[in-house]
Amino acid sequence: MFRGLNFPQPTCPPAPHVKEEFAVPSHVEEVKESMAAFAGHHAASGRRVVLITSGGTKVPLESRTVRFLDNFSSGRRGASSAEYFIESGYAVIFLHRHRSLYPYTHMFATINMLDALKFTNEGASSNSPEVVVNQQVLPNIAKVLKQYQKVKESKLLLPIEFSTLSDYLHLLKAAAQALSTIGSKAMFYLAAAVSDFYIPASEMPEHKIQSSNGPLQLSMNMVPKILSPLVKDWAPQAFVISFKLETDATILLEKAQRALETYRHQAVVANVLDSRRGYVVVVTPKSQDELILTEDDERNEVEIEDRIVSNLTSAHTKFITQQRS
Ligand code: PMT
């Protein structure tokens, strides 16, 4: 059941037999081909391609999984960023957690669908009632629907789902290999919140853990940082952005810089849990750009992802030019 992710040794405590411990999703080869075809098609017409990871990974505690460890991420950053990348001319592979927020629908995520619909006057008393959108609940729906349909027609968005940490690791590796053919035109925007811990399959109980056995004590292995083989081996010419999330703001920038030194990729988007919607720092080996939403921006519903994407697409342009010269 467990087959070949050839991870290098992690820098933190080693995870023995790591390559055998992550189940390969059955559709990985098929997905890899569709990602390669998508990237090849868009790159041939001069478009850049960004792979966005979004949402949190799920780590099972039992083989026949009843319980699992999850990550908090809603997927809003990834979903919203996908829209801005498309607006900036990119084609987007959206590798996201099943049922996390999705481009174009994410702004309606808190709305109950039935509240957003109503009968026409004539429909209410008819046997085959006619249902229309309640414009008071969804005032922007026509605009968003137009954008969504245009993106669908031009096939600018390729959605791929993951649920578990294993799915995520294998699909990201497949994506990196698929995008390696387009070199520096590829960007990796790794916004997913990925678990750092997992229970190896060989140590996982098959059946539901019984509370009658008393308090639960868990020992979890370290997940290898996938950034390392991604940058060094799988997509060495690509423009790679990782994210760094902390709850303690005082260690954030140092951790972001350390990530750059360790993995030698192009930038880290550093954010603190509580302020992540309004403040991030884009850290590169030579700069630290603070991106801040003002009260005015917030009133005008400006999203921080607009600023992040604008910053990174400019940096990607410079990167491509430097690679050519
Ligand atoms: O989804 P939202 O609710 O909108 O929230 C957005 C966000 C806060 C999740 C996002 O902005 C963010 O910060 N994502 C990264 C969260 C994180 O926990 O990163 P990390 O410190 O665990 O990992 C750092 C980087 O290493 C990440 O880019 C990750 O993709 C990468 N990583 C992580 C684990 C692993 N095994 N291999 C990796 O390569």
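**Backbone and ligand shell**

Analyst: R264 counts as partly exposed because it has 13 C-beta neighbours inside 10 Å, where partly exposed sits between buried, at 20 or more other C-beta atoms within 10 Å of a residue's own, and exposed, at 12 or fewer, with C-beta atoms placed from the backbone. This is a predicted model, in which local features need pLDDT of at least 70, side-chain atom pairs count only at pLDDT 80 or more, and totals for chains, interfaces and linings use all residues. Residues are numbered from 1 along each chain as its sequence is written.

User: Where is R264 placed?

Analyst: R264 is in the loop between α7 (252-263) and β12 (267-272), with helices (H or I, at least four residues) and strands (E, at least two) being DSSP runs numbered from the N terminus. R264 has a positive phi of about 60° although it is not a glycine. Most residues other than glycine have a negative phi.

User: And is K155 exposed or buried?

Analyst: K155 counts as exposed, because it has 11 C-beta neighbours inside 10 Å. K155 lies in the loop between α4 (141-153) and β7 (157-162), and its phi, near 50°, is positive too.

User: Switching to the ligand, which residues come nearest?

Analyst: Of the 21 residues around the ligand, R77, L190, S242, F243 and L245 come nearest, where a residue is near if its C-beta atom, placed from the backbone, lies within 6 Å. The elements giving two or more residues to this shell are α2 (76-87) and β11 (239-246).

User: Which element gives the most?

Analyst: That is β11, with four residues.
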